[in-house]
Structure formats: structure tokens, C-alpha cells
Amino acid sequence: MEQVMSNATGPRRFNMALLAFFAVAALLLTMMGIYGVVAFLVGRRSREIGIRMALGAHRGDVLRLVLQQGMKPVALGSVAGLAANLAASRLVASHLYAISPSDPVTLMSILVLLGVAALFACWLPARRAAKIDPMEALRQE
């Protein structure tokens with residue numbers, strides 16, 4: 001009986017494993033993209049950050065500024081993603097087993113996971129920006 005059940009659920013199990021692999025790959029690509037964009041923006045604003053620090057901004061202020069500006073598009077994207085999920089929930093309902101497409105626990109856990117990943121991707125450039133020496137940043141150009 002176990003053999004029959006294994007044969008019956010094998011293709012679906014394979015599809016779900018493949019989907020999980022692509023989901024992890026998408027998460028990693030998203031983190032690298034967020035990191036790249038935020039690092040680029042911090043690099044372009046190093047002179048401004050140097051001036052802010054020369055005028056008395058603390059490292060925590062710079063860290064908070066970069067994190068806020070990096071996480072704002074992530075928050076907007078999360079809201080848009082939730083709206084798209086609710087709009088497309090009927091399309092994926094037939095592919096789900098023992099869970100509804102708008103399960104609040106699942107949606108919140110995914111949002112928290114993506115939020116933490118994006119926060120980490122924004123934190124690295126923010127930490128580097130907070131370490132900018134004001135005099136070096138001002139001499140750069």
C-alpha cells in the first residue's frame with residue numbers, strides 16, 4: 001500500500017520540491033538585488049552621508065536613514081504582493097492541498113521571512129555607510 005501511495009504522490013512531491021527550490025532561488029536573487037540597489041545608492045550618496053556626519057549626525061542616524069530608504073520599496077512591494085495574492089487566489093486554489101490560498105498564518109510567515117531577508121540585505125550597506133569617514137567622503141570628488 002505504501003508503494004501505491006508513493007507512486008500516486010511522487011509526481012506531485014517532485015513538483016513541490018522543484019517549486020521550493022525555485023522559491024529559495026528567487027529569495028536569494030531578491031536579496032542580492034536589494035543589496036545591490038541599496039549599496040549602489042549608498043555609494044552614490046557617500047558625499048552626502050559624509051556631510052551629514054561632519055555636521056554632527058551619529059552613526060545610528062545614518063544607519064536608520066539608509067534602512068528606512070531601503071525598506072520603503074520593500075514595504076510597498078509587500079502590500080502589492082498581498083493584493084496580487086488575493087486577486088489571483090482562485091487561480092492557485094486547485095494546486096494547493098490542505099491549505100487555503102489566503103491563509104493568514106502562511107501569508108504572514110512569508111511576509112516576515114521576506115521582510116527579514118530584505119532587512120538583512122539593507123543592513124549591510126547601511127552599516128558600511130555608517131562607517132564612512134566624513135573627511136574621506138568630502139575629499140572623494
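At what angle do the axes of helix H1 (residues 2-44) and helix H4 (residues 104-130) cross? Select both helices and look: the crossing is at roughly 30 degrees, and the axes come within 9 Å. Keep in mind that this is a predicted model. With angles under 35 degrees counting as roughly parallel, H1 and H4 are therefore roughly parallel to each other. As for handedness, the two cross in a right-handed way.

Now show side chains where these two helices touch. On the H1 side, pick Leu-27, Met-31, Ile-34, Tyr-35, Val-38, Ala-39 and Val-42. Across from them, H4 puts in Leu-113, Leu-114, Ala-117, Ala-118, Phe-120, Ala-121, Cys-122, Leu-124, Pro-125, Arg-128 and Ala-129. Colour this contact by residue type and you get 17 nonpolar residues, no polar ones and 1 charged.

Next stop: the other helix pair. Select H2 (residues 46-54) and H3 (residues 59-92), which pack at an angle of about 145 degrees with axes 10 Å apart. H2 passes H3 in a right-handed crossing. Here H2 brings Ile-49, Arg-52 and Met-53 to the contact, and H3 brings Arg-59, Val-62, Leu-65 and Val-66. By type, that is 5 nonpolar, no polar and 2 charged residues.

Time to go inside. The largest nonpolar core has 16 residues, and the ones touching the most other members are Ile-34, Val-38, Val-42, Ile-49, Val-62, Val-66 and Ala-129. Each of H1, H2, H3 and H4 supplies at least two residues of this core, with H4 giving the most, at 5 residues.

Which residues does Val-66 contact, leaving aside its neighbours within four places in sequence? Centre the view on Val-66 and find Val-38, Val-42, Ile-49, Ala-126 and Ala-129.

Is Met-53 buried or exposed? Its relative accessible area is 13%, and under 20% counts as buried, so Met-53 is buried. Setting aside neighbours within four places in sequence, Met-53 is in contact with Arg-59, Val-62, Ala-129, Ala-130, Ile-132 and Pro-134.

How values were computed
Residues numbered from 1 in each chain as written. Predicted model: local features only at pLDDT ≥ 70, side-chain atom pairs only at ≥ 80, totals over all residues. Heavy atoms only, no water. Axes fitted to C-alpha atoms, helices over the stretch in contact; angles between N-to-C directions. Helix = DSSP H or I, 4+ residues; strand = E, 2+ residues; numbered from the N terminus. Parallel < 35°, antiparallel > 145°, perpendicular 65-115°, else oblique. Left-handed = near helix turned anticlockwise from the far one by under 90°. Contact = heavy atoms within 4.5 Å. Nonpolar A, V, L, I, M, F, W, Y, C, P; charged D, E, K, R; others polar. Core = buried A, V, L, I, M, F, W, Y, C linked by side-chain atoms within 4.5 Å. Buried < 20%, exposed > 50% of the residue type's maximum accessible area, 1.4 Å probe, protein only.
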